[in-house]
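Hi everyone, thanks for coming.

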4 protein chains.
Amino acid sequence: MAAVTDRVFDLGNISGIEKPVSVQEPYKLASRNPNKKNTVIKIGNIKIGDGSINVIAGPCAVENRDQLISIARAVKKSGATMLRGGAFKPRTSPYSFQGLGEEGLKILAQAREKVGLPIVTEVTDEESLPLVAKYADVLQIGTRNAQNFNLIKKVARIGKPILLKRGMSSTIEEWLMAAEYILLEGNEQVILCERGVRGFDSFTRNILDITAVPIIKHLSHLPIIVDPSHAIGKWRYVIKTSLAAIVAGADGVIVEVHNKPKEALCDGAQSLLPEKLEVLIKNIKEIEGYVRNCG
Amino acid sequence: MAAVTDRVFDLGNISGIEKPVSVQEPYKLASRNPNKKNTVIKIGNIKIGDGSINVIAGPCAVENRDQLISIARAVKKSGATMLRGGAFKPRTSPYSFQGLGEEGLKILAQAREKVGLPIVTEVTDEESLPLVAKYADVLQIGTRNAQNFNLIKKVARIGKPILLKRGMSSTIEEWLMAAEYILLEGNEQVILCERGVRGFDSFTRNILDITAVPIIKHLSHLPIIVDPSHAIGKWRYVIKTSLAAIVAGADGVIVEVHNKPKEALCDGAQSLLPEKLEVLIKNIKEIEGYVRNCG
Amino acid sequence: MAAVTDRVFDLGNISGIEKPVSVQEPYKLASRNPNKKNTVIKIGNIKIGDGSINVIAGPCAVENRDQLISIARAVKKSGATMLRGGAFKPRTSPYSFQGLGEEGLKILAQAREKVGLPIVTEVTDEESLPLVAKYADVLQIGTRNAQNFNLIKKVARIGKPILLKRGMSSTIEEWLMAAEYILLEGNEQVILCERGVRGFDSFTRNILDITAVPIIKHLSHLPIIVDPSHAIGKWRYVIKTSLAAIVAGADGVIVEVHNKPKEALCDGAQSLLPEKLEVLIKNIKEIEGYVRNCG
Amino acid sequence: MAAVTDRVFDLGNISGIEKPVSVQEPYKLASRNPNKKNTVIKIGNIKIGDGSINVIAGPCAVENRDQLISIARAVKKSGATMLRGGAFKPRTSPYSFQGLGEEGLKILAQAREKVGLPIVTEVTDEESLPLVAKYADVLQIGTRNAQNFNLIKKVARIGKPILLKRGMSSTIEEWLMAAEYILLEGNEQVILCERGVRGFDSFTRNILDITAVPIIKHLSHLPIIVDPSHAIGKWRYVIKTSLAAIVAGADGVIVEVHNKPKEALCDGAQSLLPEKLEVLIKNIKEIEGYVRNCG
């Protein structure tokens, strides 16, 4: 997808009563220093943070070769720009499916080769980090490790782009401070990911903090994407929430997709069918065009 | 603003794993019964719930005649469709400005006459209800009275349209049950208003639950608007969040506007300047056009 | 139950790093001004706020004469000092039992006459206030009306003692500001009631904020009691949590009791059987004795 | 401190409307199977889980030898049974003091030798685990690693007792599932620690979930202690909240103590002075005596 200029929605220059972000923010490197341009992250042919919209899609977990290749083809066909899938799964219960491990990473690599999409997958601990780093294009740090600073630092030192999810009860400041740990290691390739925070209404899995998008854009030069699947927990509301995230200024979304949601080994209830993913991306392209044309 | 068809974003028909809303929902009248059309509310020349986008704008409180008339003119000029302003203010502190009372209502009526916009204002208790009902076009029930069922029933019986804010820690179901109290009184003119719920991050005043918009559209036939001003508490993030709400499917937004935010008697920090309101509405119109054209 | 000196647990005088409460607190009348003694409220023969421990018990709702008289006798026999019971019930659903209204108040008055316990019952709106005020010894303002300032002021003017529940998402300061509305009307007879706040874990109905007890004792001269029944929602954990509240410094507890919890028209799951109430009070008396003896 | 029988407070046998815990709970090993006795953990001469009350005290961080030895002596003199102190500190900001590392562990070992108290200290990552395991008597897993399952499993395999803090937004079930990961590794020596969960009122650092104590005692055979210091964030309310925790059924408390709170490198505001710790322990002994005597 093509670049979107910031002109339409960049309304920050009209005078108001708030002060600009101070360089005295506790997140010195992550803060929007006036002399600092937006960080743009390159992953193969795609860019995140340059104004283009990226859709990252795939199953919660790699379950087997057929499942992943089949979904990867649908993801590619839909126009998404990156493939997601978990090989190491941090699960609340030790009795739940824990992922295929290296076998899952190998399947992800095969899918990348077949369909030509870069892959993002989660790294859950120091021990498997070298393995995950060998296969992944983007290393994801999940919500349960969002303040696991030792892991964060070690992942940073790999030098690959990092998808840093917000902790499930992290404040905006705590989240930016976690990013600061990465930047301090000399790795600037941080993609922030809003994935919902804990709320009191069990109708949704979490509560998506949409305002985090313009706030992060105001406070920081780092790109931000949104994960509506984990925020909501129900596929039915994923598309409109995704579109809202894009209009709020997000650099993209990461959504869960499954060809057989009812048989998924995890997160079936929040997974889009491939045809829904196509609808989502069609809608995003239309909004993107709108934004560009009237800029 | 013209009507927007539901076609583009109405993605609910593609098969998935969730069931349709059952008529056994505890909110029998508020639920989206298959035979029930979307409720459309008429207020003067405007309609809410027919697919058009309404922007309701105005100051937190009516402070004096000059302030309100001046803001009302700016609101009218911007293209907003309704004027908001509080005459009776429920304030956390008894030492804060409590509103002008009937004097405020009279000023609102004068503004309506001068600029031709219907007015929405809050009713805070049974005693002042007859007075507020005499002047207001839409009666607002605030977040602190969101489960004050006796007041809700009495307001319902007035027979005018009601703007029902979500309680600051109400679940979706509790909110729809509050609406059910109104519907049971035979008044169907209920506009739900998502205004943020209590969260743990004091950077924003509340946390806006954007997903409530598609959820309400799925579960109920009632229109829903969004109040980003109270949700966020900082004007800077109001515009993008408003646009996100529209794209998520909201029937409109209600925003606070003040010509001199720094001198406002309440909520100055979250009030847009009139020129920002114009930018917001210009952006909304562009999105609206997009949605209509590609439907 | 006899008075407990503050000596053992009054540890506030040993030097530390926090400052004493300032009279510049926003709750001017509710704050612990150094020259202000603890407020002691007299209701018939009982006192709240003098160091004694009061147990208020009874059913969620008055269901019929037999039920209430039977429970009232058990409550009296157990050693509790006041009877609770709802005649006007604010219910989330309009289809739930809404209370017996004046008939319920009359039954409460009969129970008072029969067993000799003062009664506390909720007032839910201005319309029924004169009626409730005619029968009740203590007027309860429920959590849904905790920021219904107009009702609060009108109840204050009745001049009877008020049980002011904490709003389900009120901060400590917001709660004290609500009390301030009462004090400003010239009524000092305010009993604060911690009843749990909204949390994210649906295992309990709310989350009891036990630390609110020593905080209120530090910040204010008003008495505070704890309602573990509504906080927890499950009778099984009510006794130990009640004892914890007493040791934390509460002036008492208010608990729900029912002789047939499975048949209760509301809140059966959180209601103690009468024999459990006896166990609770026996335990409280033992703790009370301990506290007095080692003072 | 001597053993306290469970008789007084064990009220679970009186019939009620809840069912006993089922062995079908998702936490199979952590659940209170009827044939399973309470787990008792031995650390040197002390036992946790046998009904005795343990007080674990010490500074947030080991700052230098003099500071720690001085505090350790005060802790020992007060009657506390274990010494706490952080050598590896997970800090929100990378610019905050991160702990002395192995030097801190060595100082802790010296303090143990000097005063004869076992030491509990946090392990923050796999890399430093062998080092921490070499020095610590109890390995603490902090709130930020409460769902870091890979670290949890590796710590479990060390075979030493583990202090497992509740995640800052973990439900009761999620917390027990984290314990399940440890039990599945064959290590039963798990001490659960309630340390407050995220809340909306910034007056306190977190909100202490006191009811978690009787809930855990009902659902599980594992011991539970309470950390009021981190829950509250202000020393002034630590003592009464600690006493409440004991009466609620906790096997002990862990509190932060510092001889110069104003100069502490972390958490000074929530640290008790040594003389306050003595008051706390004097009060706990009195409550313990009461509980034993009236059993």
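Let's start with chain D: the link of D:Cys60 and D:Cys266 is left-handed, with -100° about the S-S bond. D:Cys60 sits in the loop between strand 3 (54–58) and helix 1 (65–78) of chain D, and D:Cys266 in the loop between strand 10 (252–256) and helix 9 (274–293), so the pair ties together parts that are 206 residues apart in sequence. Helices (H or I, at least four residues) and strands (E, at least two) are DSSP runs, numbered from the N terminus.

A word on the ground rules. This is a predicted model, where local features need pLDDT of at least 70 and side-chain atom pairs count only at pLDDT 80 or more, while totals for chains, interfaces and linings use all residues. Residues are numbered from 1 along each chain as its sequence is written, chains are lettered from A and ligands numbered from 1 in the order in which they are written, and side-chain values use heavy atoms, leaving out hydrogens and water.

How many disulfides are there over all chains? With a disulfide taken as a pair of cysteine sulfur atoms within 2.5 Å, the count comes to 4.

In chain A, the sulfur atoms of A:Cys60 and A:Cys266 are 2.1 Å apart. Their S-S torsion is about -105°, so this disulfide is left-handed. A:Cys60 is buried at 3% relative accessible area (buried means under 20%, exposed over 50%, partly exposed in between, with a 1.4 Å probe and protein chains only).

Finally, A:Cys193 is buried at 0% relative accessibility. A:Cys193 is in no disulfide, and the nearest cysteine sulfur, that of A:Cys60, is 14 Å away.
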